[in-house]
Amino acid sequence: MKISVAMATYNGARFIKRQLDSIISQIRLPDEIVISDDCSIDETLDIISEYQNKMIAVSWIVVQNQKNLGWRQNFANAIRLTTGDIIFLADQDDEWNKNKIKEMSLLIQNNEDILLLVSGYVTIEETSSLKNKSLLNRGNQNGAIRKIGFDRYFYMNHYPGCTYAFRKECKDWFSLPIWSKNQAHDEFIMVLAKLKNRVYCYDKPLIYFIRHETSATYGKKLNFRDRIELLNEKNYELNIAEEFLKINIDIIDKETKNKIINECKEFIGFRIRWLEKPNCKSFLKLISKYRDYEKIKFFFTDIYCAFKR
């Protein structure tokens, strides 16, 4: 099967060599590397060109956007340009284990039910105040394969896109009218793949997930505005899931899933109303719903953000 790597770049000269080195050092090399650059003004494209010249065994597709599209559209653009049967997502600033492509691609090839496969990862902070400290090791060393099921928390995503490998079927979803330029590419894939009950986790860390001040999703503040924005994004994802159910005839348990989606939308809507206008009555109702939260810390975060406006 043909293997593609889809990477989005933007002013990544400081980090991209580490990432590209880890990709071209794979035990199983990718067949193509697709890079969509979002109008970088540093040496990012020059560095990529150097790697193209020295790694001719791999097919390269490198495009530069005519205008800045933002990281969401930029990644979607890279995904659309791939031609492989299995697609790996790559950030510009991470580092891959040399067995990542080999092990994950074999797992997908040997199990037709796997549509999206995520791996474990180790989070590394690289900031001015905290250097190279591991914050999270998500995944064990035993290499267990487990299915991630569909439940009331299906819209919550605990795996960043850089841990993803998926079949080309997922690429076609970006041509559907339900795709929006404001939607995060990885959460879009995760939600739809969960609806098909075909998401699996390879419980082994295969990537160093590097976090730093210039990361696109780094360091969101805990405040009222960001909380409302996050919940609105989740509500939008639920609307997408609802529409995807309507246009797919091969999804099982549609009635049950549609019921769960509606319950989630009602819960998200209540949380938004609570944050916008907290009062004693809604506080009592919030307490009665604390078991509906995936984690108790999210319950306390809603309380904190409502009163710390």
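Residues are called buried when their relative accessible area is under 20%, exposed when it is over 50% and partly exposed in between (1.4 Å probe, protein chains only). By this criterion leucine 117 is buried, with a relative accessible area of 0%. The structure is a predicted model, in which local features need pLDDT of at least 70, side-chain atom pairs count only at pLDDT 80 or more, and totals for chains, interfaces and linings use all residues. Residues are numbered from 1 along each chain as its sequence is written, and side-chain values use heavy atoms, with hydrogens and water left out.

Ten helices and ten strands make up the secondary structure of the protein chain; these are DSSP runs numbered from the N terminus (helices H or I, at least four residues; strands E, at least two). The radius of gyration is 20 Å, close to the 19 Å that the globule rule gives for 309 residues, so the chain is as compact as a globular protein of that length. This radius is taken over C-alpha atoms, and the rule is 2.2 Å times the number of residues to the power 0.38. The C-alpha trace spans about 65 × 50 × 45 Å along its principal axes. Buried residues account for 52% of the 309 residues.

Leucine 117 is found in strand 6. Contact means heavy atoms within 4.5 Å. Neighbours within four places in sequence aside, leucine 117 is in contact with residues including Leu107, Ile108, Tyr164, Ala165 and Cys201. Its C-alpha atom is separated by 21 Å from that of asparagine 248, which is 131 residues away along the chain. Serine 119 also lies in strand 6 (residues 116–126). Serine 119 is buried, with a relative accessible area of 0%.

In helix 1 (residues 16–24), the buried residues are Ile16, Gln19, Leu20, Ser22, Ile23 and Ile24. Their cover includes strand 1 (3–9), strand 2 (32–37) and helix 2 (44–54). Strand 3 (59–64), strand 4 (86–90) and strand 5 (95–96) are also part of that cover.

The second largest pocket is lined by 15 residues. A pocket is an open set of points on a 1 Å grid over the protein atoms alone, where a 1.4 Å probe fits, with protein on both sides within 12 Å along at least five of seven lines; lining residues have an atom within 4 Å of a point. Ile148, Met156, His158, Lys194 and Glu294 lie nearest the centre of this pocket. Strand 8 (144–147) and helix 6 (185–195) each supply at least two lining residues.
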